[in-house]
Amino acid sequence: MPSLGRLHLITDTRPGRDPLTVVRAALAVARADLVVQVRVEDSATDREAYELAQRVLALCVPYGATCLVNDRLHVALAVGAAGGHVGADDLPVAAARRVLGPAGVLGATARAPGTATAAVAAGASYLGVGPCHATSTKSGLPDPIGPAGVRAVVDAVDVPVIAIGGVTTERVPELRAAGAYGVAVVGAVSAAADPARATAELIEALTC
Ligand SMILES: Cc1ncc(COP(=O)(O)OP(=O)(O)O)c(N)n1
Ligand SMILES: Cc1nc(C(=O)O)sc1CCOP(=O)(O)O
Ligand SMILES: [Mg+2]
């Protein structure tokens with residue numbers, strides 16, 4: 001399996017957003033270092049998810065960037081994405097691994113060491129760990145775990161930990177110091193006035 005990119009851009013498909021323009025801008029800067037996770041609203045149809053994933057994958061391929069699909073692993077398989085990401089409301093990690101097969105990239109959400117070790121034992125290739133900080137992008141999340149919470153998970157597992165939730169360029173150093181391999185963002189790139197510049201700043205912070 002190729003090494004995982006350190007910057008994960010999760011698509012923002014809320015009304016009024018333009019995920020493909022943002023993905024294009026980020027890819028032009030981060031190239032193969034970027035992982036794009038196609039995440040659609042729960043209300044989106046499978047057809048909508050499939051069509052967006054197809055278009056995102058087509059943008060990723062020329063750069064050698066990795067395309068993953070959130071939640072809907074059948075969509076990931078249907079478009080030929082590298083893998084997917086699952087959380088507590090999705091397929092269990094072991095079932096997701098069976099669906100993707102041994103070679104697929106499988107991310108799992110973990111918020112504490114116990115769930116993290118269980119997810120890795122069940123076949124997760126990396127963990128999404130958070131929310132690190134407060135975020136307005138997703139509602140219903142538990143309280144932020146901060147860099148200390150990230151460190152607790154990092155110390156418990158031997159797979160890459162991707163910190164998520166309220167991640168900004170300024171917060172990358174403390175998350176890296178806590179052992180995070182990389183970060184996943186929505187707002188830091190999608191809501192930026194200049195998504196390409198925001199991507200460049202995140203990449204720079206991640207490679208320091
Ligand atoms: C990298 C990464 N980490 C965590 C999540 C959250 O996944 P999940 O808990 O399944 O929540 P939804 O994104 O499906 O609402 C993620 N998507 N990516
Ligand atoms: C989709 C998602 N999952 C999270 C979790 O903690 O599980 S936080 C989150 C949204 C992250 O968006 P932003 O970078 O704008 O804070
Ligand atoms: Mg999910």
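In this predicted model, Asp 71 sits in the loop that runs between β3 (66-70) and α3. Its phi is positive, about 70°, although Asp 71 is not a glycine. The residue counts as partly exposed because its relative accessibility is 25%, and the buried class ends under 20%. Asp 71 also faces the ligand: one of its polar side-chain atoms lies 2.9 Å from an oxygen atom of ligand 1.

Taken alone, ligand 1 exposes 430 Å², and the protein buries 90% of that area. The space that the ligand takes is the largest pocket. Ligand 1 is surrounded by 15 residues. The closest are Gln 37, Arg 39, Asp 71, Thr 109 and Lys 138. An N or O atom in the side chain of Arg 39 is 2.8 Å from an oxygen atom of ligand 1.

Gln 37 belongs to strand β2 (residues 34-38). With a relative accessible area of 6%, Gln 37 is buried, since the class covers values under 20%. Beyond its sequence neighbours up to four places away, Gln 37 touches Leu 9, Ile 10, Thr 11, Leu 68, Asn 70, His 85 and Tyr 126.

Helix α4 spans residues 93-100. Its buried residues are Val 93, Ala 95, Ala 96, Arg 97 and Leu 100. An α-helix has 3.6 residues a turn, so residues three or four places apart point the same way. Gly 101 follows α4 and has a positive phi, near 85°.

Backbone features of note also occur in other loops. Arg 31 is found between α1 (19-30) and β2. Its phi is near 50°, a positive value in a residue other than glycine. Arg 31 has a relative accessible area of 46% and is therefore partly exposed, as exposed residues must be over 50%. A cis peptide bond joins Gly 130 and Pro 131, with omega about 0°. Pro 131 lies in the loop between β6 (126-129) and α6 (146-154).

How values were computed. Residues numbered from 1 in each chain as written. Chains lettered and ligands numbered in written order. Predicted model: local features only at pLDDT ≥ 70, side-chain atom pairs only at ≥ 80, totals over all residues. Heavy atoms only, no water. Helix = DSSP H or I, 4+ residues; strand = E, 2+ residues; numbered from the N terminus. Buried < 20%, exposed > 50% of the residue type's maximum accessible area, 1.4 Å probe, protein only. Contact = heavy atoms within 4.5 Å. Near = heavy atom within 4 Å. Polar contact = N/O pair within 3.5 Å; in protein donor to acceptor, adjacent residues only side chain to side chain. Areas by Shrake-Rupley, 256 points an atom, 1.4 Å probe, with all protein chains shown as cover. 1 Å grid on protein atoms, 1.4 Å probe; cavity = no way out; pocket = protein on both sides within 12 Å on 5 of 7 lines; lining within 4 Å. Sits in = over half its atoms within 2 Å of the grid points.
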